[in-house]
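My notes are below the display.

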Amino acid sequence: MPLNALLEQQQQAFRTFARKEVEPHADRWDHEEEIPRDLVDAFAAEGWFGALIPERYGGLAYDAVTFGLLNEELGAACSSVRSMLTVHSMVSHAVTRWGSSSLREQWLPRLATGSSVGAFCLSEPSSGSDAAALETIATRDGEGFRLTGVKKWITYGQRADVYLVFAACDGKPAAFLVERATPGVEVVPVHGMLGTKASMIAEVRLRDVKVPQTSLVGRVGFGVTAVATSALDVGRYSVAWGCVGILSAALRISLKHVRDRTSFGVPIAEHQLVQRMIADMATSHRASRLLCLEAGELKDAGDPRTIDATWTAKYFASCQAFRAAADVVQILGAQGCAQGHPANRLLRDAKIMEIIEGSTQIQQTYLARTATAP
């Protein structure tokens, strides 16, 4: 499915930034488990923290397809950087769609410029896919609330300025914007993750954190079915496109190697079993991209079928990205196994894609139920 000239131009701009500012450093950032602030500043200078924020608040108001292309190029360069954009965009979307007018006026300009970066706080030590099993509690306190609980595996949590926190209030799920500087908020870095190691994952501990009534996003009772569900759709879509980027990077690394490396007197590109891996990789990349484009175009058309299309795209693209990443390591052999080689990082990052924003098994269950529904 060809892109129009404007989309091609925008994708080329995204690719130029990713190949120059991100990709050459991705393995070092992976080793150091940190995205440097100068990259965050450069990212903010491009305006991409405001990708999904309306122009009236200083955002770029990208359509879904353009946003997807940005995630594709960042995913090809560094999944950790793409993850930062993912969670920030989830927060931005939640505030845009569900926040009060005062909350939007207060936060969206800051989120658009990147002067405040957001993180999505749903997962807890004892719950991940079961989003409704919240143990974090919000109790009413005069004109506000007090939050107590622990959020874990929070992408970009180490450095985020504001957290979208989900908690049970009066037995119902609710969502709150919580500033990092609020008394009672403690951020504990989580190190040694398998993949997306530079995404600065943290545990966020909330000890009797007092927040005003105005920090409530939506209404009490809307926390999961409305706020979290719509934000997770954005996250799922972003990750799906990031997986297309992983497929693109795997194919690019593989093609260079099979053309340059000889074995038994011929380039290994001439070996049929290597050709099988290349063929599968190229086909998976094209198919995943088409599924993502379909989901994006349905989003831009306001078609509710985009929900199922996004689940399908994320399920297929993440599974194929992991398979392709395993194949590129196989093609490169010992080189691909070495720490510091992009293929090594791709494989570890691709496995994470099968877990975040809905595990493969959760997606299989959802898609099967959708397919068999009367």
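This is a predicted model: local features need pLDDT of at least 70, side-chain atom pairs count only at pLDDT 80 or more; totals for chains, interfaces and linings use all residues.

Entry 1. I looked for cavities and found two of 30 Å³ or more.

Entry 2. I took the largest cavity, which holds about 50 Å³ of space. I listed its lining as D27, D30, H31, Q339, G340, H341, N344, R345 and R348. I then checked which elements give two or more residues to this lining, and they are α2 (26-32) and α11 (342-353). Sorted by class, the lining of the largest cavity has five polar and four charged residues, and no nonpolar ones.

Entry 3. I moved to the second largest cavity, with a volume of about 40 Å³. I wrote down its lining residues: E33, Q158, V190, H191, M193, T196, K197, M200 and I201. How do the residues of this lining divide into nonpolar, polar and charged? I got four nonpolar, three polar and two charged.

Entry 4. I turned to T283 and placed it in helix α8, residues 272-300. Is T283 buried or exposed? I looked up its relative accessible area, which is 52%. The cut-off for exposed is over 50%, so T283 counts as exposed.

Entry 5. I looked at what the side chain of T283 meets. One of its polar atoms lies 2.8 Å from the backbone oxygen of A279. I also looked up Q320, which is 37 residues from T283 along the chain. The C-alpha atoms of T283 and Q320 are 9.7 Å apart.

How values were computed. Residues are numbered from 1 along each chain as its sequence is written. Side-chain values use heavy atoms; hydrogens and water are left out. On a 1 Å grid over the protein atoms alone, a cavity is a set of points where a 1.4 Å probe fits but cannot get out, and a pocket is an open set with protein on both sides within 12 Å along at least five of seven lines; lining residues have an atom within 4 Å of a point. Grid points are joined across faces, edges and corners, and a volume is the space filled by probe spheres set on the points. Helices (H or I, at least four residues) and strands (E, at least two) are DSSP runs, numbered from the N terminus. Ala, Val, Leu, Ile, Met, Phe, Trp, Tyr, Cys and Pro count as nonpolar, Asp, Glu, Lys and Arg as charged, and the others, Gly among them, as polar. Buried means under 20% relative accessible area, exposed over 50%, partly exposed in between (1.4 Å probe, protein chains only). A polar contact is a pair of N or O atoms within 3.5 Å; within protein, one must be able to donate a hydrogen and the other to accept it, and residues adjacent in sequence count only if both atoms are side-chain atoms.
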